[in-house]
Amino acid sequence: MVPAALVSVAGPVLFVLHQPVIGYCLLVVALAAAVVVDRALFRDLLLIAFGLTVMSLVPITTDISPEHMAVMGTAMILAVGVPYAVSRFAYRDHAIAFPVRTGIPWTRTEKWYLPVVVIIGYALLPVYMLRTGVYTNWPAASEPDEIVRLFIGTNGLGIWDELFFICTVFALLRRHLPMAQANVLQAVLFTSFLWELGFHAWAPLFIFPFALLQAFIFTRTRSLSYIVCVHLLFDFVLFLVLIHAHHRAWVDIFLY
(Lines give C-alpha, C1' and ligand atoms only; values in the text may rest on other atoms or scores of the structure.)
Protein backbone atom coordinates (compact mmCIF):
# COMPACT_ATOMS: atom_id res chain seq x y z
CA MET A 1 0.00 0.00 0.00
CA VAL A 2 2.74 2.51 0.91
CA PRO A 3 4.62 2.46 -2.44
CA ALA A 4 1.35 2.66 -4.37
CA ALA A 5 0.12 5.53 -2.18
CA LEU A 6 3.36 7.45 -2.77
CA VAL A 7 2.84 7.14 -6.52
CA SER A 8 -0.71 8.42 -6.11
CA VAL A 9 0.41 11.35 -3.93
CA ALA A 10 2.93 12.29 -6.61
CA GLY A 11 -0.05 13.14 -8.84
CA PRO A 12 -1.31 16.18 -6.92
CA VAL A 13 2.27 17.23 -6.19
CA LEU A 14 3.07 17.26 -9.91
CA PHE A 15 -0.23 18.47 -11.36
CA VAL A 16 -1.78 20.60 -8.60
CA LEU A 17 1.13 21.97 -6.58
CA HIS A 18 3.51 22.09 -9.57
CA GLN A 19 6.47 20.80 -7.58
CA PRO A 20 8.23 18.50 -10.08
CA VAL A 21 11.34 17.88 -7.95
CA ILE A 22 9.28 16.70 -4.99
CA GLY A 23 6.94 14.77 -7.27
CA TYR A 24 9.75 12.91 -9.01
CA CYS A 25 11.40 12.19 -5.64
CA LEU A 26 8.16 10.64 -4.44
CA LEU A 27 8.09 8.43 -7.52
CA VAL A 28 11.70 7.35 -6.96
CA VAL A 29 11.06 6.57 -3.29
CA ALA A 30 7.91 4.66 -4.21
CA LEU A 31 9.76 2.54 -6.76
CA ALA A 32 12.64 1.90 -4.35
CA ALA A 33 10.20 0.78 -1.66
CA ALA A 34 8.38 -1.41 -4.17
CA VAL A 35 11.62 -3.23 -5.01
CA VAL A 36 11.92 -4.18 -1.35
CA VAL A 37 8.27 -5.12 -0.92
CA ASP A 38 7.51 -7.01 -4.14
CA ARG A 39 9.30 -7.11 -7.47
CA ALA A 40 6.00 -7.52 -9.34
CA LEU A 41 4.65 -4.41 -7.62
CA PHE A 42 7.77 -2.51 -8.69
CA ARG A 43 7.26 -3.48 -12.33
CA ASP A 44 3.66 -2.29 -12.34
CA LEU A 45 4.32 0.94 -10.45
CA LEU A 46 7.14 1.64 -12.88
CA LEU A 47 4.61 1.67 -15.73
CA ILE A 48 2.33 4.07 -13.85
CA ALA A 49 5.27 6.31 -12.93
CA PHE A 50 6.34 6.39 -16.57
CA GLY A 51 2.92 7.61 -17.67
CA LEU A 52 2.79 10.28 -14.97
CA THR A 53 6.30 11.46 -15.80
CA VAL A 54 5.58 11.74 -19.52
CA MET A 55 2.44 13.80 -18.88
CA SER A 56 4.26 16.04 -16.40
CA LEU A 57 6.82 16.97 -19.04
CA VAL A 58 4.33 18.63 -21.39
CA PRO A 59 2.01 21.60 -20.76
CA ILE A 60 -1.40 20.23 -19.78
CA THR A 61 -3.76 22.94 -20.93
CA THR A 62 -6.93 23.37 -22.96
CA ASP A 63 -5.05 25.09 -25.78
CA ILE A 64 -6.60 23.80 -29.01
CA SER A 65 -3.92 25.03 -31.37
CA PRO A 66 -2.74 22.26 -33.71
CA GLU A 67 0.80 22.52 -32.33
CA HIS A 68 -0.24 22.04 -28.70
CA MET A 69 -2.71 19.30 -29.54
CA ALA A 70 0.09 17.45 -31.36
CA VAL A 71 2.49 17.76 -28.41
CA MET A 72 -0.02 16.81 -25.74
CA GLY A 73 -1.51 14.11 -27.93
CA THR A 74 1.91 12.53 -28.45
CA ALA A 75 2.50 12.48 -24.69
CA MET A 76 -0.90 10.89 -24.13
CA ILE A 77 -0.18 8.17 -26.68
CA LEU A 78 3.18 7.42 -25.05
CA ALA A 79 1.67 7.41 -21.54
CA VAL A 80 -0.79 4.70 -22.58
CA GLY A 81 1.05 2.93 -25.38
CA VAL A 82 4.39 2.30 -23.71
CA PRO A 83 2.96 0.69 -20.53
CA TYR A 84 0.66 -1.44 -22.68
CA ALA A 85 3.52 -2.57 -24.93
CA VAL A 86 5.82 -3.32 -21.98
CA SER A 87 3.10 -5.24 -20.15
CA ARG A 88 2.16 -7.27 -23.20
CA PHE A 89 5.50 -7.91 -24.87
CA ALA A 90 8.12 -7.52 -22.11
CA TYR A 91 6.30 -8.65 -18.98
CA ARG A 92 4.00 -10.97 -20.99
CA ASP A 93 1.29 -10.75 -18.35
CA HIS A 94 -1.43 -8.90 -20.32
CA ALA A 95 -2.33 -6.90 -17.21
CA ILE A 96 -3.36 -3.91 -19.31
CA ALA A 97 -6.22 -4.54 -21.71
CA PHE A 98 -8.74 -2.42 -23.57
CA PRO A 99 -11.88 -4.60 -23.82
CA VAL A 100 -14.15 -3.04 -26.43
CA ARG A 101 -16.10 -5.98 -27.83
CA THR A 102 -16.81 -8.11 -24.79
CA GLY A 103 -19.69 -10.05 -26.33
CA ILE A 104 -21.80 -9.33 -23.26
CA PRO A 105 -24.95 -7.23 -23.86
CA TRP A 106 -25.46 -4.18 -21.71
CA THR A 107 -28.03 -4.71 -18.97
CA ARG A 108 -31.21 -2.66 -18.65
CA THR A 109 -29.65 -0.74 -15.75
CA GLU A 110 -26.56 0.06 -17.81
CA LYS A 111 -28.69 1.29 -20.69
CA TRP A 112 -30.81 3.51 -18.43
CA TYR A 113 -27.70 4.93 -16.80
CA LEU A 114 -26.63 6.55 -20.09
CA PRO A 115 -29.50 9.09 -20.30
CA VAL A 116 -29.14 9.65 -16.56
CA VAL A 117 -25.54 10.75 -17.21
CA VAL A 118 -26.78 13.32 -19.72
CA ILE A 119 -29.35 14.64 -17.24
CA ILE A 120 -26.73 14.92 -14.49
CA GLY A 121 -24.36 16.71 -16.86
CA TYR A 122 -27.12 19.08 -17.97
CA ALA A 123 -28.00 19.94 -14.38
CA LEU A 124 -24.45 20.16 -13.03
CA LEU A 125 -22.07 21.46 -15.67
CA PRO A 126 -23.72 24.81 -16.57
CA VAL A 127 -23.97 25.73 -12.89
CA TYR A 128 -20.37 24.74 -12.26
CA MET A 129 -18.81 26.25 -15.38
CA LEU A 130 -20.65 29.56 -15.49
CA ARG A 131 -21.11 30.42 -11.83
CA THR A 132 -17.45 29.76 -11.02
CA GLY A 133 -16.14 31.28 -14.25
CA VAL A 134 -13.85 28.32 -14.88
CA TYR A 135 -15.09 28.14 -18.46
CA THR A 136 -12.51 30.84 -19.16
CA ASN A 137 -9.86 28.12 -18.75
CA TRP A 138 -11.05 26.89 -22.15
CA PRO A 139 -10.65 28.87 -25.37
CA ALA A 140 -13.55 30.76 -26.88
CA ALA A 141 -13.97 28.68 -30.03
CA SER A 142 -15.99 30.55 -32.64
CA GLU A 143 -14.64 29.58 -36.05
CA PRO A 144 -15.70 26.20 -37.50
CA ASP A 145 -12.18 24.74 -37.34
CA GLU A 146 -11.81 25.87 -33.72
CA ILE A 147 -15.13 24.29 -32.77
CA VAL A 148 -14.09 21.04 -34.42
CA ARG A 149 -10.77 21.03 -32.56
CA LEU A 150 -12.54 21.78 -29.28
CA PHE A 151 -14.89 18.85 -29.91
CA ILE A 152 -11.99 16.55 -30.78
CA GLY A 153 -10.01 17.74 -27.77
CA THR A 154 -12.77 17.24 -25.21
CA ASN A 155 -13.72 13.82 -26.55
CA GLY A 156 -10.15 12.66 -27.14
CA LEU A 157 -9.20 13.58 -23.60
CA GLY A 158 -12.24 11.75 -22.24
CA ILE A 159 -11.23 8.56 -24.05
CA TRP A 160 -7.64 8.90 -22.84
CA ASP A 161 -8.80 9.34 -19.23
CA GLU A 162 -10.41 5.91 -19.37
CA LEU A 163 -7.49 4.30 -21.19
CA PHE A 164 -4.92 5.60 -18.70
CA PHE A 165 -6.56 6.02 -15.31
CA ILE A 166 -8.96 3.07 -15.49
CA CYS A 167 -7.52 0.52 -17.93
CA THR A 168 -3.90 1.19 -16.99
CA VAL A 169 -3.51 2.73 -13.52
CA PHE A 170 -6.50 1.10 -11.85
CA ALA A 171 -5.93 -2.25 -13.54
CA LEU A 172 -2.29 -2.35 -12.42
CA LEU A 173 -3.06 -1.25 -8.85
CA ARG A 174 -5.89 -3.76 -8.61
CA ARG A 175 -3.40 -6.61 -9.06
CA HIS A 176 -1.82 -5.74 -5.71
CA LEU A 177 -4.48 -3.93 -3.68
CA PRO A 178 -8.10 -4.43 -2.66
CA MET A 179 -10.72 -2.79 -4.85
CA ALA A 180 -11.38 0.14 -2.51
CA GLN A 181 -7.74 1.08 -2.07
CA ALA A 182 -6.86 0.78 -5.75
CA ASN A 183 -9.93 2.80 -6.66
CA VAL A 184 -9.17 5.68 -4.29
CA LEU A 185 -5.55 5.89 -5.48
CA GLN A 186 -6.50 6.05 -9.16
CA ALA A 187 -9.22 8.60 -8.40
CA VAL A 188 -6.64 10.86 -6.74
CA LEU A 189 -4.55 10.78 -9.92
CA PHE A 190 -7.63 11.19 -12.14
CA THR A 191 -8.79 14.26 -10.19
CA SER A 192 -5.31 15.80 -10.01
CA PHE A 193 -4.84 15.60 -13.76
CA LEU A 194 -8.20 17.21 -14.51
CA TRP A 195 -7.45 19.97 -12.00
CA GLU A 196 -4.31 20.76 -13.96
CA LEU A 197 -6.35 20.77 -17.15
CA GLY A 198 -8.61 23.51 -15.82
CA PHE A 199 -11.31 21.91 -13.68
CA HIS A 200 -10.77 24.19 -10.68
CA ALA A 201 -13.03 25.56 -7.91
CA TRP A 202 -15.24 22.76 -6.56
CA ALA A 203 -14.76 20.39 -9.51
CA PRO A 204 -13.00 17.71 -7.35
CA LEU A 205 -16.30 17.28 -5.48
CA PHE A 206 -17.83 15.66 -8.56
CA ILE A 207 -14.75 14.49 -10.47
CA PHE A 208 -13.47 12.32 -7.61
CA PRO A 209 -16.79 10.43 -7.22
CA PHE A 210 -17.05 10.15 -11.01
CA ALA A 211 -13.59 8.54 -11.16
CA LEU A 212 -14.54 6.11 -8.39
CA LEU A 213 -17.75 5.19 -10.16
CA GLN A 214 -16.04 4.68 -13.52
CA ALA A 215 -13.60 2.18 -12.00
CA PHE A 216 -16.45 0.42 -10.20
CA ILE A 217 -18.45 0.16 -13.42
CA PHE A 218 -15.41 -1.13 -15.30
CA THR A 219 -14.90 -3.79 -12.63
CA ARG A 220 -18.51 -4.92 -13.02
CA THR A 221 -18.79 -4.73 -16.81
CA ARG A 222 -15.18 -5.29 -17.93
CA SER A 223 -16.17 -3.08 -20.86
CA LEU A 224 -14.06 -0.16 -22.02
CA SER A 225 -16.68 0.72 -24.61
CA TYR A 226 -19.32 1.23 -21.92
CA ILE A 227 -17.29 3.49 -19.63
CA VAL A 228 -16.14 5.47 -22.68
CA CYS A 229 -19.77 5.96 -23.71
CA VAL A 230 -20.56 7.23 -20.21
CA HIS A 231 -17.62 9.62 -20.28
CA LEU A 232 -18.28 10.91 -23.79
CA LEU A 233 -21.92 11.63 -23.04
CA PHE A 234 -20.79 13.76 -20.11
CA ASP A 235 -18.13 15.42 -22.26
CA PHE A 236 -20.64 16.16 -25.01
CA VAL A 237 -22.66 18.19 -22.52
CA LEU A 238 -19.41 19.84 -21.43
CA PHE A 239 -18.66 20.76 -25.04
CA LEU A 240 -22.09 22.37 -25.48
CA VAL A 241 -21.75 24.25 -22.20
CA LEU A 242 -18.37 25.64 -23.25
CA ILE A 243 -19.77 26.86 -26.55
CA HIS A 244 -22.69 28.52 -24.77
CA ALA A 245 -20.51 29.98 -22.01
CA HIS A 246 -18.37 31.90 -24.48
CA HIS A 247 -21.23 32.78 -26.83
CA ARG A 248 -24.37 33.14 -24.74
CA ALA A 249 -26.71 33.27 -27.73
CA TRP A 250 -25.43 29.91 -28.98
CA VAL A 251 -26.86 26.62 -27.69
CA ASP A 252 -29.03 28.60 -25.29
CA ILE A 253 -30.65 25.57 -23.68
CA PHE A 254 -29.16 25.58 -20.18
CA LEU A 255 -30.43 26.64 -16.78
CA TYR A 256 -27.98 28.17 -14.32
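I began with helix α7 (residues 179-197), whose 19 residues reach 27 Å from first C-alpha to last, close to the 27 Å expected at 1.5 Å a residue. The expected span is 1.5 Å times one less than the number of residues, and helices are DSSP runs (H or I, at least four residues) numbered from the N terminus.

I noted that this is a predicted model, in which local features need pLDDT of at least 70 and side-chain atom pairs count only at pLDDT 80 or more, while totals for chains, interfaces and linings use all residues. Residues are numbered from 1 along each chain as its sequence is written, and side-chain values use heavy atoms, with hydrogens and water left out.

Just after α7, Gly 198 has a positive phi of about 140°.

The buried residues of α5 include Glu 110, Tyr 113 and Met 129, and their cover includes α8 and α9. Gly 133 follows α5 with a positive phi, near 80°.

I finally examined Trp 160. Not counting residues up to four places away in sequence, Trp 160 touches Met 55, Met 76, Ala 79, Val 80, Phe 165 and Phe 193, where contact means heavy atoms within 4.5 Å.

Conventions
Buried means under 20% relative accessible area, exposed over 50%, partly exposed in between (1.4 Å probe, protein chains only). Helices (H or I, at least four residues) and strands (E, at least two) are DSSP runs, numbered from the N terminus.
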